Every structure is written in structure tokens, then in C-alpha cells.
Amino acid sequence: MIPLALEEIASVVGGVVEGDRSVTVTAPAVLDGREAEPGGLFVAVAGERVDGHCYADQAGRAGAAAVLGSCPTSLPTVVVADVQTALQRLASHVVDRLRDQLTVVGLTGSQGKTSTKDLVAAVLSRVAPTVATVGSLNNELGVPLTMLRTDESTRFLVLEMGARHVGHIANLADLVPPDVAVVLNVGRAHLGKFGSRAAIATAKGELVQGLAPGGTAVLNADDPRVVAMRALTDGPVWTFGLAAHADVRVRDLILDRLARASFVLHTADDSAPVILPVLGAHQALNASAAAAVALAAGIPLHVAATALSTASLSRWRLEWRTLAGGATLLNDSYNAHPESTLAGLDVLAAVQADRRIAVLGEMLELGEDSGAEHRAVGEYAAARADVVVAVGDAARAIAVGAGDSAVTVPDREAAVRWLHSHLAAGDVVLVKASRAARLDEIAAALE
């Protein structure tokens with residue numbers, strides 16, 4: 001973060017400084033007081049269950065120099081009427097000061113956002129200092145927090161952008177219009193919130209509509225709803241995918257015994273081999289998106305391919321762990337919806353194993369089709385796993401779909417007990433569910 005005096009922060013966000021007015025913030029902004037750095041800014045949000053202002057002392061002990069909040073605290077505080085709005089204004093102010101040196105990449109999609117963001121960041125950071133979204137902090141608070149991590153050395157800013165309603169991405173793009181807008185797909189994630197795939201497509205298309213003048217759209221050639229977003233921009237467009245007409249095309253895709261993808265990326269006048277260190281055939285598509293971003297930013301294909309071959313992903317995205325006793329864990333527990341669950345099951349099926357066990361929990365926000373979607377996942381799982389463990393009452397439809405392959409357990413603790421008593425050397429276990437199901441606790445117990 002660039003150094004900012006509290007007086008400047010207050011002027012930008014329309015606040016008032018309470019306490020020592022001479023303080024200068026020199027480190028990033030955080031929402032969690034435990035994560036504060038020396039010289040940093042603690043953003044105190046008063047939520048329904050927790051009031052961040054109560055943790056100002058904790059942030060101070062960790063090194064925070066000041067607070068952005070809605071009331072005075074024990075630290076020097078910029079007091080504002082609306083903390084979220086103030087945080088966004090501050091983030092836009094910082095990026096505006098650096099805009100001449102920055103290439104901003106915005107990225108959205110129903111699934112694969114975080115993995116693709118990680119791949120894009122791996123490519124761009126190979127050539128210049130890059131700031132990218134940490135994990136999946138892709139909402140109205142996470143995006144400005146990422147923006148505030150930029151400084152005079154930053155050349156690329158990669159922002160993952162999520163949405164639960166039409167208008168959310170438009171608001172995020174207003175904070176910092178991207179130079180490159182990436183749309184991965186239009187799937188069923190949050191279908192219960194949006195109401196229809198058409199509404200999801202409208203929401204994702206807002207990123208293309210929010211491009212900076214002359215900006216480039218990077219679109220999935222394999223998804224008709226995404227390809228149709230060409231009409232939303234007069235600027236250049238790069239497409240990626242498996243389709244023969246894709247500008248960056250994946251060809252000659254093969255998987256090794258650990259389901260790691262090897263393939264060749266082709267453009268109209270170049271090609272480059274890639275060996276991904278991450279799991280799943282679906283990551284080849286994400287890699288082609290990252291390569292298209294690189295080309296849009298003027299980075300040669302071979303540089304992108306080399307960077308992709310050493311990339312890594314955020315935690316709990318098909319993490320491979322060898323367990324005591326010789327079994328293997330595929331920890332994909334961060335989140336889930338139908339498309340990502342099918343992709344995880346495809347990885348499970350592709351991995352060399354004596355027995356494959358899928359531990360699956362509820363997928364949230366699927367609306368009125370939730371029961372049918374869970375049953376369909378169960379049917380798919382039964383074709384790719386030897387045993388399907390459905391965790392919790394909300395996952396019973398998965399067990400119905402899986403039929404004779406299914407084992408039902410009431411909760412996470414019961415799942416752990418079942419696994420501890422049944423796992424053997426040579427088994428591979430996939431753990432997958434929506435974040436709220438907390439199946440990461442099952443993965444942690446196994447590890």
C-alpha cells in the first residue's frame with residue numbers, strides 16, 4: 001500500500017480523524033485484526049454477529065497504525081458513516097494514483113474463478129510485480145482490500161470478482177475499470193439467488209461492459225453464453241478453450257496417473273507445451289484463459305507456458321495429501337456447486353487408485369432445482385467412485401442418486417469415524433461440498 005496520512009484518508013472518504021492526526025498508514029488494510037501488519041489499517045465493520053470495533057486493540061497489538069470505522073476506537077480512527085463505501089472510495093483513490101503504471105485484470109465466472117486467478121497471477125508475476133486476490137476475497141470488501149495492496153512497484157493487478165445478484169459486478173468494475181476482462185463460464189452457482197441462467201449471464205457480462213476504454217475481453221469459446229458477450233464490447237476480444245475456433249486452443253490433452261494435465265496451447269501463429277502441476281483436465285481450460293490474458297497484456301505464449309508449468313493454487317482446491325496408512329486425500333472442500341463437483345469427481349476417476357471414495361455434502365443456493373441437482377451429482381458420483389459418502393441430511397439426495405454405492409452419515413464426525421474405520425492403503429478420498437458444510441474439518445481430521 002502506498003503511504004497515506006490519516007488526513008488524506010479522511011479527505012478522500014469524507015471522514016473525520018479521531019485521535020493522533022499525524023499518523024501515516026504504510027501497510028495493507030485488513031478486516032481481521034489478527035492479520036494486521038505494522039503500519040497497517042484495520043477496517044472495522046459492524047456486522048450482525050460481530051462488531052469489528054471491538055477488535056481494535058487486537059489489531060493494534062498486531063501492529064495496525066489506525067482504524068477505518070464508524071465510531072472512535074482506542075487507535076487513531078478515521079470515522080465515517082458507511083465503512084464499506086469509505087473502503088471502496090479509498091481503494092479507488094489509491095489505484096487512480098497508480099493507474100498509469102497498472103494493467104488491471106478483472107476475472108469472473110460461475111466456477112473456476114479462484115484457480116484461474118491463481119494461474120493468471122502466476123503468469124503475470126513471472127514478468128513484473130503483481131498483486132492478486134488472496135483466496136476468494138472477491139466481494140464488495142475483498143476487491144477493495146486487494147486494490148489497497150498495490151504500491152509504486154505494482155505493474156499488474158488481478159481482481160477476482162464474484163456476484164450473488166445482477167449489478168454486483170458492475171459495482172465492482174466501477175471501482176476500477178479493468179483493462180482485461182475475463183469471463184470463464186455461465187454455470188449454476190448461486191442459481192437460487194439469480195433465478196435463471198440468463199440472469200447469471202447478464203451479471204457476468206457486466207464485467208465486459210465495465211472495461212476501460214480500449215480494454216480487451218477474454219472469453220470462453222466453449223460456452224455460448226460467454227461467446228455472446230462479444231456484443232457487449234467494441235474492443236478487442238481473445239477467446240480460449242477446446243473449440244477449433246478459439247484464439248488460444250488446448251490440444252493434445254492427456255492426464256498422468258495423478259490426473260495432472262499435459263497439453264499444447266495453440267494460437268494462429270504459435271504453440272507451446274504445458275505440463276500443469278495441478279490436478280484435473282478442467283485446469284487446462286483455465287490455463288488457456290491465463291495464456292489469453294498474457295497475450296492480451298503483450299506477454300509471449302512461451303513465457304506464459306513456462307509460468308503455468310510451475311503454478312500453484314489456493315488452499316483446498318484439489319490439494320493432494322498422502323495420509324498415514326497409505327491412502328490419499330483430494331481436499332476440494334473450499335466450495336461446491338454442480339459443475340465444480342462434477343469436475344472434482346472426474347479428477348477422482350482419473351487418479352490411479354485401488355478404491356475411490358467420494359465424500360460429498362450439500363451444495364447451497366441451487367434454488368428449486370436443488371433436489372434434482374443433488375440427485376444428478378449422486379448418479380455421476382456412482383459412475384466415478386466405488387463408494388459415495390453423503391454427509392448430513394441436506395445431502396441425502398446425493399445418496400438417492402448414488403444408489404447402491406452410497407453410504408449416508410448424519411454429520412462430519414460420523415463421516416470421520418466411517419473413514420477411519422474403512423480407509424486402506426491405495427484408497428483415494430475426494431472431499432467436496434459448499435463452504436458452509438465445513439467438510440474441510442473432515443479433511444483436517446484425516447490429515
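Two strands count as paired when DSSP finds at least two bridges between them, and the close-up views described below apply this to a predicted model.

View 1. Strand S5 covers residues 41-43 and is joined to S4 by two bridges, with the two strands running parallel. Within this pairing, alanine 29 has leucine 41 of S5 as its bridge partner.

View 2. Five strands make up an open sheet of mixed pairing, in which the order is S2-S7-S6-S5-S4. Strand S2 (16-18) and strand S4 (29-30) are the edge strands, each of them pairing on one side only. Helix H3, which spans residues 83-98, packs on the sheet and touches both S5 and strand S6 (66-69), and the direction of H3 makes about 120° with that of S6.

**View 3. The crossing of helices H10 and H11.** The axes of helix H10 (residues 282-296) and helix H11 (residues 301-308) come within 9 Å of each other and cross at roughly 140°. Because angles over 145 degrees would count as roughly antiparallel, H10 and H11 are therefore described as oblique to each other. The crossing of these two helices, H10 and H11, is right-handed.

**View 4. The residues in contact between H10 and H11.** On the H10 side, Ala287, Ala290, Ala291, Ala294 and Leu295 take part in the contact, and they meet Leu301, Ala304 and Leu308 in H11. Sorted by class, the contact of H10 with H11 has eight nonpolar residues, with no polar and no charged residues.

How values were computed: Residues are numbered from 1 along each chain as its sequence is written. This is a predicted model: local features need pLDDT of at least 70, side-chain atom pairs count only at pLDDT 80 or more; totals for chains, interfaces and linings use all residues. Side-chain values use heavy atoms; hydrogens and water are left out. Axes are lines fitted to C-alpha atoms, for helices over the stretch in contact, and angles run from 0 to 180 degrees between N-to-C directions. Helices (H or I, at least four residues) and strands (E, at least two) are DSSP runs, numbered from the N terminus. Angles under 35 degrees count as roughly parallel, over 145 as roughly antiparallel, 65 to 115 as roughly perpendicular and the rest as oblique. A crossing is left-handed if the near helix is turned anticlockwise from the far one by less than a right angle, and right-handed if clockwise. Contact means heavy atoms within 4.5 Å. Ala, Val, Leu, Ile, Met, Phe, Trp, Tyr, Cys and Pro count as nonpolar, Asp, Glu, Lys and Arg as charged, and the others, Gly among them, as polar.
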